[in-house]
Amino acid sequence: MLVLILSSTISLGDLDLSIGWGLNPSSGLCPEYYDFSCPQANDIVMSVLRRVVSREPRMAASLLRLHFHDCFVQGCDASVLLDDSGAIVSEKRAAPNANSLRGFEVIDEIKAKIEEACPETVSCADILALAARGSTLLSGGPFWDLPLGRKDSITANPVLANN
């Protein structure tokens with residue numbers, strides 16, 4: 001019999017496997033999402049952030065802001081990272097973002113390192129969320145359990161990004 005302990009409240013008697021974070025269980029988001037598929041994801045994020053933030057402390061705030069601007073438009077789906085293409089007009093050029101958002105190269109570096117360790121496993125949306133939390137920690141802010149398992153968008157919405 002294999003029993004995985006995922007969180008603080010598991011009862012096998014009545015098969016109540018509630019996670020206990022106040023999340024909708026159907027959302028699929030939980031802090032342990034990558035525990036088996038990419039357990040080193042957070043360590044990779046933090047190693048890059050430590051190096052980058054030690055060189056440029058303002059980058060911590062920039063990464064938190066990047067995550068905010070991503071979540072504000074279509075939800076936390078990494079749509080802010082999408083570049084212009086034949087089918088996409090990027091949110092990067094929206095008025096609140098143009099010549100303002102930064103940290104894209106840090107996210108690219110984190111993504112490349114995670115892809116080396118765990119190909120096609122960790123979403124860019126979760127990388128943005130992990131980078132925002134890590135940046136907060138490195139700036140002396142609090143730690144929080146971060147529900148993971150976000151899916152990446154394949155569309156951008158520059159109209160909503162401009163509102």
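**Labels and their grounds**

Guide: This is a predicted model. A161 touches V73, E91, A94, P96 and N97, leaving aside residues up to four places away in sequence.

Visitor: What makes these residues count as touching A161?

Guide: Contact means heavy atoms within 4.5 Å. V73 is one of the residues that A161 touches, and the C-alpha atoms of A161 and V73 are separated by 5.6 Å although the two are 88 residues apart along the chain. A161 itself belongs to helix α5 (residues 158-161).

Visitor: Why is A161 called buried?

Guide: Its relative accessible area is 7%, and buried means under 20%, so A161 is buried.

Visitor: Why is the pair of Y33 and Y34 called edge-to-face?

Guide: The ring centres of Y33 and Y34 are 4.9 Å apart, and rings pair if their centres lie within 6.5 Å. Their planes stand at 80°, and over 60 degrees counts as edge-to-face. The pair is therefore edge-to-face.

Visitor: Which of the labels buried, exposed or partly exposed do Y33 and Y34 get?

Guide: Y34, at 5% relative accessibility, counts as buried.

Visitor: What makes the pair of F68 and F72 tilted?

Guide: The F68 and F72 rings are 5.4 Å centre to centre, with 35° between the planes. Planes under 30 degrees apart would be stacked and those over 60 edge-to-face, so the rest are tilted. By this rule the count comes to two aromatic pairs.

Visitor: How are F68 and F72 placed in helix α2?

Guide: They are four residues apart in helix α2 (residues 58-74), so about one helical turn separates them. F72 has a relative accessible area of 54% and is exposed, whereas F68 has 49% and is partly exposed; the cut-off for exposed is over 50%.

Visitor: How do you know that the charged end of K92 sits over the ring of F104?

Guide: The charged end of K92 is 4.5 Å from the centre of the F104 ring. The rule asks for a distance within 6 Å and a position within 35 degrees of the ring normal. K92 is listed as sitting over the F104 ring.

Visitor: How do helices α3 and α4 pack?

Guide: Helix α3 (residues 104-117) and helix α4 (residues 124-138) pack at about 120°, with their axes 10 Å apart. The α3 side of the contact consists of I107, I110, K111 and I114, and the α4 side of C124, I127, L128 and A131. Seven of these residues are nonpolar, none is polar and one is charged.

Technical notes. Residues are numbered from 1 along each chain as its sequence is written. This is a predicted model: local features need pLDDT of at least 70, side-chain atom pairs count only at pLDDT 80 or more; totals for chains, interfaces and linings use all residues. Side-chain values use heavy atoms; hydrogens and water are left out. Axes are lines fitted to C-alpha atoms, for helices over the stretch in contact, and angles run from 0 to 180 degrees between N-to-C directions. Helices (H or I, at least four residues) and strands (E, at least two) are DSSP runs, numbered from the N terminus. Ala, Val, Leu, Ile, Met, Phe, Trp, Tyr, Cys and Pro count as nonpolar, Asp, Glu, Lys and Arg as charged, and the others, Gly among them, as polar. Rings of Phe, Tyr and Trp (its six-membered ring) pair if their centres lie within 6.5 Å; planes under 30 degrees apart count as stacked, over 60 as edge-to-face and the rest as tilted. Buried means under 20% relative accessible area, exposed over 50%, partly exposed in between (1.4 Å probe, protein chains only).
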